[in-house]
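Please look through the sequence and the model below before reading the report.

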Amino acid sequence: MTPSTTVHSPLRLYGRSVELAVIKTLLRRLWQGDGGALVLTSPPGLGRTALLREAVTGHRDGRDGPVLYATAAPAEQRLPYSGLHALFCSAPGPLPVAPDRILRSGITPGGLIGLLKDMGARRPLLVCVDDAHDWDPDSRAALGFAARRLGAGSRVAVVIGAADATSFAGVPVLRLGPLDGEASAALLDRLTAAGEVDPVVRGELLREAAGNPRLLAGLVGRLAPDQLAGRTALPYPLPGAEGVLDAHAAPLDGLPPETRTLLLLAAAAEEHEPEGAGADTALLLRAGPRAGLTTAQLDRILLAPAGTAGALRHAGGRVHFSHPLLRRAVLHRAPPGRRRAVHDLLAAVLTGPGAPPLPALVQRACAAPGPDATLAGQLEAAAVAPRPHAERSAALAHAAALSTDDIRRAARFAAAADHARLAGDTGRARALLARTGVHPAGGGAPYVRGMLALGDGPAADARESLLAAAVLLAPHDPRRTLEALFGAAEAAWDLGDAIAYLDAMTRIPVTAADRATAQYRAGMCAVLGGRTDRGHALLRCCLDRADRAEDPGELLRAAAAALVLGEVDAACRAGARALAAVRTRGPDALLPRALERLAYAELRVGRHARARAHALEGLHAARRTGQPNAATHLHAVLALAASVEGPADVCAAHADAALAGAGPHGLTQAATLATWAVARADLAAGRPGEAAARLGPLVRPGPRTGHFATRLLAVPCYVEAVVLSGRAAADSVGLDRAVAEFALWTARTTDPQVPAQLARCHALLAPPEEAAARYEEALSHHDRAGGDFERARTQLLHGQSLRRRRRPREARGPLRDALVAFERCSARVWADRAGGELRAAGEAVDVPDQGGRDPMAGLTPQQQRIARCVAEGATNREVAVRLSVSPRTVDHHLRNVFAALGVRSRTELARLLDR
């Protein structure tokens with residue numbers, strides 16, 4: 001045993017706030033005179049020792065109390081009471097019983113309790129035991145007995161660190177898990193504080209460490225500064241894991257030989273499986289006899305619950321290691337010759353008539369003692385569909401490692417990186433891409449680099465990389481040339497650069513494209529080139545073919561064509577089919593984009609709840625597959641949905657996230673949609689001035705103009721905001737230009753809502769005597785188009801117009817219809833606005849229960865509206881413009897509001913309404 005009286009604590013523990021809080025609670029109880037116990041369990045390397053030392057530091061700093069601290073030594077495990085002997089040898093002063101006597105004669109569990117209570121009688125005592133699973137059984141039993149009985153008034157606390165809590169049943173257990181991504185990144189920053197870390201190297205270190213702080217420290221400590229900075233290639237496998245792996249494997253050394261043989265078979269059998277899939281039980285049962293295991297041994301070890309001492313668990317025909325590092329530890333611990341023999345054995349079992357070749361080839365690759373050009377070629381030839389992209393990536397990585405030619409090696413690493421990207425593992429894709437080195441990869445490396453940047457980088461960088469890749473790929477890979485050019489076009493679209501989009505699309509060779517792709521290319525180029533009729537005809541041909549298409553990319557292009565045409569229902573159908581195709585056939589990397597396109601189409605057609613559901617799913621998929629740019633677009637879609645359904649803070653949060661991602665990466669479309677969403681939420685909340693200020697730059701020409709394909713969608717909101725804020729006369733030129741451009745678009749699009757929105761704009765700008773006819777025209781268009789939300793907005797504005805022209809009785813009908821329609825489509829914030837207008841028109845409207853008494857419940861509807869506006873910071877004149885009343889009327893009502901609510905200032909009113 002290793003007694004310790006001087007315990008050093010690290011400067012900071014990352015990601016352990018919950019565990020530290022539990023320990024602090026235990027210490028506070030100890031200082032108040034009550035005892036307790038806690039067992040910290042975890043696999044090696046997760047910080048048990050660090051937490052124990054933190055407990056010691058906290059006790060000494062807080063009360064300068066005595067501490068007993070011991071770390072187990074496995075070599076003394078067979079020596080009775082050696083653990084307690086080491087523990088009492090760490091005592092800071094004389095003991096009632098000499099430690100040597102305990103070693104010679106032992107101590108009863110009751111005697112141990114009495115001894116600990118005697119030591120804590122003067123000052124609270126903290127007892128810490130690290131790696132208690134390696135203590136001798138007598139010491140473990142006595143300590144567990146005592147820990148279960150140290151309660152109130154004992155003045156003794158025991159904190160035990162162990163691999164598991166088997167020997168300490170009944171004692172509270174705190175299980176440590178791996179560090180999360182944020183904590184791991186913070187620890188890496190501390191470990192590398194003195195030097196530069198390349199982003200790819202950073203990602204590989206975090207991936208390899210898998211949240212294990214000791215492993216992360218070991219990996220960082222074995223890399224040179226140039227390797228950390230990315231100037232020198234990383235060694236593979238990464239060094240520095242040996243200590244943690246040995247600690248994981250050490251408990252297995254005492255298992256019977258046949259058990260260790262089966263563990264090695266299970267560890268090797270996972271090499272050809274997807275990560276986390278485990279090993280096939282049937283394969284192990286077939287391979288076991290060839291490894292010298294009898295059927296009885298296999299049944300006892302593999303199928304009995306305690307057959308592997310907890311190292312393996314059996315579920316659904318698969319065998320999994322209890323911890324991922326344990327599998328690596330088993331392979332690491334085996335001698336190289338033994339390990340290669342097991343891989344060869346598995347390869348032989350996997351080879352046979354009708355068997356897929358790839359699993360056996362991967363096992364042969366693991367058994368290869370060095371480079372093997374023939375085996376590398378066989379792996380490359382077998383890494384094709386229908387094998388999953390993750391399996392193909394692993395096979396190609398093995399092929400690259402076995403390659404004898406530098407150029408082939410680089411090309412295979414690039415291909416492995418591409419399949420890892422398609423599987424949704426962008427971290428592995430970047431690590432594999434880094435291994436291509438300086439050797440040319442036939443355009444493969446720039447292609448993968450560009451596609452990764454498309455999901456997680458500046459759109460302009462992605463476009464340039466993909467255009468360069470297309471040039472390199474054109475002589476020998478027409479399929480990926482086409483994908484590179486489509487990717488470059490998508491990057492230009494995200495940027496809002498119509499000229500760059502046309503440049504990428506016109507580079508697509510017509511001879512290399514199938515008919516549907518050729519029509520899509522020509523149609524989009526015609527539309528953006530101003531030949532609208534020709535472009536629409538070609539894009540309709542794409543839609544006609546979409547019913548027979550199965551390729552996810554073709555279906556997504558069909559959905560995009562439908563949106564350009566304005567056929568939003570067709571866009572939803574094509575988007576739904578694209579999503580189904582991605583879920584059925586993959587690739588996983590395409591899932592966030594498919595969900596985003598479908599959600600956007602559903603927003604356009606007015607299905608806001610469906611759009612929100614699909615966008616939330618897409619957001620999770622984007623995070624899982626490492627595509628922040630897709631997440632940015634999905635945040636914008638969610639902000640638009642929340643601008644309809646509310647609440648306002650959700651809309652603001654999604655919009656902020658979208659704008660934060662859009663700015664650095666130049667995602668103009670996402671920024672346009674997010675800004676429009678916030679402005680629409682401003683309109684719903686009765687803040688037309690703020691909405692007009694946000695939307696003006698988007699819809700007008702200039703350096704801050706919105707995305708070329710989406711900015712016109714915001715024109716109706718802009719017109720409404722300018723008119724309701726009383727700025728129509730001041731901004732008449734901008735209004736006229738925006739409405740004229742919107743009218744031109746109305747003549748070109750088939751979106752059924754657009755003619756109604758144009759008529760609504762004309763109604764807002766019309767003289768009072770013409771407004772009603774314009775609103776009726778807009779409502780007749782809505783009747784043909786369908787959709788509750790846009791129709792309700794027109795009815796709201798119509799009723800609001802009538803009320804402000806002193807015709808409240810006529811206003812109630814459209815306002816009532818608007819309120820019902822908003823409630824039907826769950827547009828809660830808009831329903832509140834319609835309800836406020838209806839109350840102001842003199843009709844009683846039930847106010848939803850807000851979970852407490854509304855301070856304005858006793859005010860008239862007009863007083864409530866004025867109070868809310870003033871609480872938001874509006875002046876009396878601004879309130880008058882908003883509500884179409886005189887400033888004198890506002891002043892009169894505001895005095896009555898102050899008297900009714902018992903406040904004396906605008907500040908007090910704002911505080912009251914903010915509760």
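## The surroundings of W31

The side chains of W31 and H59 are joined by a polar contact of 3.0 Å, where a polar contact is a pair of N or O atoms within 3.5 Å, of which, within protein, one must be able to donate a hydrogen and the other to accept it, and residues adjacent in sequence count only if both atoms are side-chain atoms. This is a predicted model, in which local features need pLDDT of at least 70 and side-chain atom pairs count only at pLDDT 80 or more, whereas totals for chains, interfaces and linings use all residues. Residues are numbered from 1 along each chain as its sequence is written, and side-chain values use heavy atoms, with hydrogens and water left out.

W31 belongs to helix α1 (residues 17-31); helices (H or I, at least four residues) and strands (E, at least two) are DSSP runs, numbered from the N terminus. With a relative accessible area of 22%, W31 is partly exposed, a term for values between buried (under 20%) and exposed (over 50%), found with a 1.4 Å probe and protein chains only. Although W31 and R63 are 32 residues apart in sequence, their C-alpha atoms are 7.4 Å apart in space.

## A buried serine in a loop

S154 sits in the loop between α6 (137-147) and β5 (156-162), and its relative accessible area of 5% makes it buried. A polar atom of the S154 side chain lies 3.4 Å from the backbone nitrogen of G35. Leaving aside residues up to four places away in sequence, S154 touches G33, D34, G35 and K117, with contact meaning heavy atoms within 4.5 Å.

## Nonpolar cores

A nonpolar core is a set of buried Ala, Val, Leu, Ile, Met, Phe, Trp, Tyr and Cys residues joined through side-chain atoms within 4.5 Å. The largest one has 164 residues, and L379, M505, Y520 and F822 are those with the most contacts inside it. Helix α32 (residues 628-645) gives this core its largest share, eleven residues. A second, separate core has 36 residues, including V39, V127, A142 and L150.

In soluble globular proteins, nonpolar side chains tend to be buried together. M505 touches F486, A489, Y520, R521, M524 and C525, if residues up to four places away in sequence are not counted.

## Two covered helices

Helix α3 (residues 82-89) is mostly covered, since seven of its eight residues are buried; among them are S82, G83, L84 and F88. Y81, in the loop between β3 (67-71) and α3, has a phi near 65°, a positive value in a residue other than glycine.

In helix α30 (residues 591-605), 13 of the 15 residues are buried, so the helix is largely enclosed by the rest of the structure. Its end C-alpha atoms are 21 Å apart, which agrees with the 21 Å that its 15 residues should span at 1.5 Å a residue, the expected span being 1.5 Å times one less than the number of residues. After α30 comes G606, whose phi is positive, near 95°.

Three strands form an open, antiparallel sheet in the order β7-β9-β8, where two strands pair if DSSP finds at least two bridges between them. Four bridges join β8 to β9 (residues 318-321), and R313 has H320 in β9 as its bridge partner.

The peptide bond from Y236 to P237 is cis, with omega near 0°, and another cis peptide bond, with omega about 10°, joins A385 and P386.
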